[in-house]
Amino acid sequence: MRGLVRSVVSVLAAVALCVPAFAQSSATGIIRGKVQNATNGAFLENATVEIEGTNRISVTNGYGEFEFRGVPAGEVTLKAGYIGQPTQSATVTVADGGEATQDFTFRGAAGKDGVVQLDPYTVNVERYTNARAVAIAAERNAVNIKNVVSIEEFGEIPSGNVGEFVKFLPGIQIDYGASNGNNQGFSENRANGVSVRGFGPEDTTILIDGLPVSSTLPGNLTRQVGLDQMSINNASRVELIKVATPDMPANSIGGQVNLVTRSSFESPKPKYD
């Protein structure tokens with residue numbers, strides 16, 4: 001009988017010792033949070049958040065939200081990561097049956113202090129300086145009033161239209177519309193004629209490397225050359241001659257616009273433009 005009592009007491013003692021441990025292991029809570037980009041304020045999707053020391057990982061949804069359920073109560077360390085960003089860590093305290101919140105904020109390309117550090121950026125102005133020097137030298141040695149502008153000093157020219165380029169020069173007025181006047185198949189906003197010093201487009205000669213360009217429009221009663229028939233993409237510079245000389249044709253009373261084409265002999269080595 002005494003042996004039976006001792007056995008029962010031992011079993012009860014073992015159960016009493018196991019109950020606190022079981023109760024402690026069942027104490028869990030929830031961890032929720034969001035991951036955000038501080039640069040534009042957008043929530044980050046597919047960011048990863050893991051509980052350190054475990055294999056539990058949560059991936060944020062389209063609203064930047066993550067969640068862990070059944071997390072043991074106590075202090076828990078979270079690690080958040082995103083593509084191209086350093087990993088962030090945070091420690092939260094989970095209460096039994098409670099809910100802890102921990103948000104993470106990434107700063108895009110910025111560092112910890114919010115300062116964006118760029119790679120070294122080198123600006124090479126030699127190309128544009130040389131182009132400007134060539135234009136100035138041509139103006140200096142001209143026998144009459146001439147404006148020379150290098151194409152490389154400007155950016156993209158709309159549709160490669162010569163008129164859109166020379167309209168910024170002094171004494172120039174641009175006529176818009178179709179060259180033949182009926183606007184068939186042409187945009188009304190396209191430059192087609194150049195007027196110099198108040199003379200009409202028919203009194204301004206268009207040349208390429210000093211050779212006059214003829215109009216390709218059928219039934220054209222003037223010598224006006226439509227600019228929409230030409231492209232400035234193959235030119236290296238534009239010469240605007242404002243004062244006629246005796247060697248110029250009669251239709252150059254207003255002036256001349258000469259396109260100097262690019263040449264492979266202008267450079268000592270081959271290059272692609």
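**Group meeting: a walk through the predicted model**

Let's start with a charge and a ring. The charged end of K34 sits over the ring of F43, 4.8 Å from the ring centre. The rule here takes NZ of Lys or CZ of Arg within 6 Å of the ring centre and within 35 degrees of the ring normal.

Some ground rules. This is a predicted model, where local features need pLDDT of at least 70, side-chain atom pairs count only at pLDDT 80 or more, and totals for chains, interfaces and linings use all residues. Residues are numbered from 1 along each chain as its sequence is written, and side-chain values use heavy atoms, with hydrogens and water left out.

Now the overview. The protein has 3 helices and 15 strands. Those are DSSP runs, numbered from the N terminus: helices are H or I with at least four residues, strands are E with at least two. Of the 273 residues, 35% count as buried. Buried means under 20% relative accessible area, exposed means over 50%, and partly exposed is in between, using a 1.4 Å probe and protein chains only. Take the contacts with a separation of 6 or more: residues 24 or more positions apart account for 56% of them. A contact is heavy atoms within 4.5 Å.

Next, aromatics. Two numbers describe a pair of aromatic rings: the distance of the centres and the angle of the planes. Rings of Phe, Tyr and Trp (its six-membered ring) pair if their centres lie within 6.5 Å; planes under 30 degrees apart are stacked, over 60 edge-to-face, the rest tilted. By this rule there are 3 aromatic pairs. F66 and F68 have ring centres 6.2 Å apart and planes at 65°, so this pair is edge-to-face. Both residues, F66 and F68, are buried. Y82 and F106 make a tilted pair, with 6.3 Å centre to centre and 35° between the planes. That pair links distant parts of the chain: Y82 is in strand β5 (residues 74-82), F106 is in strand β8 (residues 104-106), and they are 24 residues apart. Y82 is partly exposed, at 30% relative accessible area. F106 is buried, at 2%. One aromatic cluster is formed by F66, F68 and F104.

On to the sheet. Strands of a sheet pair through backbone hydrogen bonds, parallel or antiparallel. Here 5 strands form an open sheet with mixed pairing, in the order β9-β14-β15-β12-β13. Two strands pair if DSSP finds at least two bridges between them. Which strands are at the edges? They are β9 (146-150) and β13 (211-212), and each pairs on one side only. Strand β12 (residues 204-208) pairs with β13 in the antiparallel sense, over 2 bridges. L207 stands opposite P212 in β13.

Stay with β15, and look at N258, which is found in that strand. N258 is buried, with a relative accessible area of 9%. Its side chain reaches the backbone nitrogen of D209 at 3.2 Å. That is a polar contact: N or O atoms within 3.5 Å, where within protein one must be able to donate a hydrogen and the other to accept it, and residues adjacent in sequence count only if both atoms are side-chain atoms. Beyond four places in sequence, N258 touches L207, I208, D209, G210, R237, V238 and E239.

Now another strand pair. Strand β10 (residues 172-176) and β11 pair in the antiparallel sense over 5 bridges. The bridge partner of I174 in β11 is V194. Is β11 (residues 191-196) enclosed or open, and why? In β11, 6 of the 6 residues are buried, so the strand is largely enclosed by the rest of the structure.

That leads to the core. A nonpolar core is a set of buried Ala, Val, Leu, Ile, Met, Phe, Trp, Tyr and Cys residues joined through side-chain atoms within 4.5 Å. The largest one has 22 residues; F165, V166, I172, V194, I232, V238 and V257 touch the most other members. Elements giving two or more residues to this core are α3 (162-166), β10, β11, β14 (235-241) and β15 (255-261). Apart from it lies another core, of 18 residues, including A90, V92, V94 and A100.

Last, two loops. A95 lies in the loop between β6 (85-94) and β7 (99-101). A95 is partly exposed, at 46% relative accessibility. N46 is in the loop between β1 (28-37) and β2 (48-51). N46 is exposed, with a relative accessible area of 52%. Its phi is near 65°, a positive value in a residue other than glycine.
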